[in-house]
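Visitor: I would like to learn how to read this model, feature by feature. Please take me through it.

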Amino acid sequence: ATSAGGRRGYLWTQPYGSTTPRLLRTTPPIGEEETDALAAGPNGTWAALERSVGNTSSSYRLDVVSSRGGGAHVTTSSTPILLAGDGTFLGYLEVTAAGGVQLYRISGAHGIHVADLAGVSAPQEVAVASGHLALREVNGTVAVFTDGGARLATIPANAASVALTSNRVVVRTRNKRLVVYGLRGGLVHNWRLGAQSWTAGLAAYGAYAVYLGANKAVHVVRLVNGSDRIVARAGTGFFFGGVALQKAGALVPLTSGQTTTFRFVPARSL
């Protein structure tokens with residue numbers, strides 16, 4: 001999502017490794033002023049979320065955008081909404097006024113209630129992959145569900161960030177370790193991160209995880225042996241704004257002032 005000429009809400013799509021983005025939409029999704037979060041759905045669809053959080057009230061507006069740029073409103077809530085989408089499943093979590101958490105699947109322009117997620121109260125982050133969801137709670141616990149709402153595990157992970165592969169839950173902990181679990185919570189690996197002074201972000205795919213470390217560095221970790229090495233640096237005047245990882249490789253946005261570019265690290269370099 002970008003802004004240009006004082007206008008907000010431009011939406012673009014760009015394949016991993018490509019240098020040419022495609023303009024998807026030149027106005028915000030229905031009724032939104034600025035898109036704060038995006039999630040990929042099936043057949044080129046996207047969920048777009050606008051958050052307006054104030055001292056006395058909050059508003060969360062969720063829209064869906066088609067592969068051709070058309071948009072439709074899905075829901076508006078005064079309580080938090082978190083998007084969940086991996087290109088196959090597209091949905092969202094809604095925290096109710098009573099403190100419960102409900103899982104919805106987006107179908108067309110509608111949110112279809114899937115399940116009430118028992119035992120979850122304050123999700124801060126959600127990862128989705130291959131029919132599973134991992135939710136990071138405010139206390140660092142990670143809850144794992146199917147995308148049908150069935151609970152698989154509750155992991156006391158001390159998590160700062162969580163990511164999913166097809167069969168692993170990957171956690172960057174608050175004490176700077178990378179811990180790998182099975183989908184039902186069994187411990188698989190526990191590695192010390194190479195970056196120890198500062199870490200942020202996390203993404204995982206296949207045999208690898210990537211995260212951000214101090215001195216503007218992108219680290220890649222091989223999950224099976226904990227090998228941790230730097231594969232990119234931001235450079236003078238730039239800082240990283242997150243990190244993503246898919247089959248093609250890693251993608252990192254770099255920002256300097258009002259300019260953002262994308263650093264692509266192909267899978268063969270990981």
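Guide: We go from the overall fold to single residues.

Guide: This is a predicted model, where local features need pLDDT of at least 70, side-chain atom pairs count only at pLDDT 80 or more, and totals for chains, interfaces and linings use all residues. Residues are numbered from 1 along each chain as its sequence is written, and side-chain values use heavy atoms, with hydrogens and water left out.

Visitor: How many helices and strands does the chain have?

Guide: Helices (H or I, at least four residues) and strands (E, at least two) are DSSP runs, numbered from the N terminus. Here there are zero helices and 27 strands.

Visitor: What does the radius of gyration say about the chain?

Guide: The radius is taken over C-alpha atoms, and the globule rule is 2.2 Å times the number of residues to the power 0.38. For 270 residues, a compact globule would come near 18 Å; the chain has 18 Å, so the two agree. Along the principal axes, the C-alpha atoms fill a box of roughly 45 × 45 × 40 Å.

Visitor: What share of the residues is buried?

Guide: Buried means under 20% relative accessible area, exposed over 50%, partly exposed in between (1.4 Å probe, protein chains only). Buried residues are 44% of the 270 in the chain.

Visitor: What share of the contacts joins residues at least 24 apart?

Guide: Contact means heavy atoms within 4.5 Å. Taking contacts between residues at least 6 apart in sequence, 33% join residues at least 24 apart.

Visitor: Which residues touch the most other members of the largest nonpolar core?

Guide: In soluble globular proteins, nonpolar side chains tend to be buried together. A nonpolar core is a set of buried Ala, Val, Leu, Ile, Met, Phe, Trp, Tyr and Cys residues joined through side-chain atoms within 4.5 Å. The largest one here has 17 residues, and V142, I155, V169 and V171 touch the most other members. Strands 12 (123-129), 14 (142-146), 15 (151-155), 16 (159-164), 17 (168-173) and 18 (177-182) each supply at least two residues of this core. Beyond its neighbours within four places in sequence, I155 contacts G140, T141, V142, V144, V169, Y181 and G185.

Visitor: How many salt bridges are there?

Guide: Side chains of opposite charge can pair when their charged atoms come close. A salt bridge is a side-chain nitrogen of Lys or Arg within 4 Å of a carboxyl oxygen of Asp or Glu. The count is two. E125 pairs with R136, with the closest N and O atoms 2.8 Å apart. E125 is in strand 12 and R136 in strand 13 (residues 132-137), so this pair ties together parts 11 residues apart in sequence. R136 is buried, at 16% relative accessible area. R61 pairs with D63 at 3.8 Å between the closest N and O atoms. D63 is buried too, at 0% relative accessibility.

Visitor: Which side chain of opposite charge is nearest to E94?

Guide: For charge, Lys and Arg count as positive and Asp and Glu as negative; His and the chain ends are not counted. E94 is buried without a salt bridge, and the nearest side chain of opposite charge, R61, is 13 Å away. E94 lies in strand 9 (residues 90-95). A polar contact is a pair of N or O atoms within 3.5 Å; within protein, one must be able to donate a hydrogen and the other to accept it, and residues adjacent in sequence count only if both atoms are side-chain atoms. The side chains of E94 and S77 make such a contact at 2.9 Å.

Visitor: What does the side chain of E137 reach?

Guide: The side chain of E137, a residue of strand 13, reaches the backbone nitrogen of S121 at 3.1 Å. A polar atom of that side chain is also 2.8 Å from the backbone nitrogen of A122. E137 is buried and has no salt bridge; R151, the nearest side chain of opposite charge, is 6.9 Å away.

Visitor: Where is K216 found?

Guide: K216 is in the loop between strand 21 (208-213) and strand 22 (217-222). Most residues other than glycine have a negative phi, and most peptide bonds are trans. The phi of K216 is positive, near 55°. At 36% relative accessibility, K216 is partly exposed. K176 also has a positive phi, near 65°, and sits in the loop between strand 17 and strand 18.
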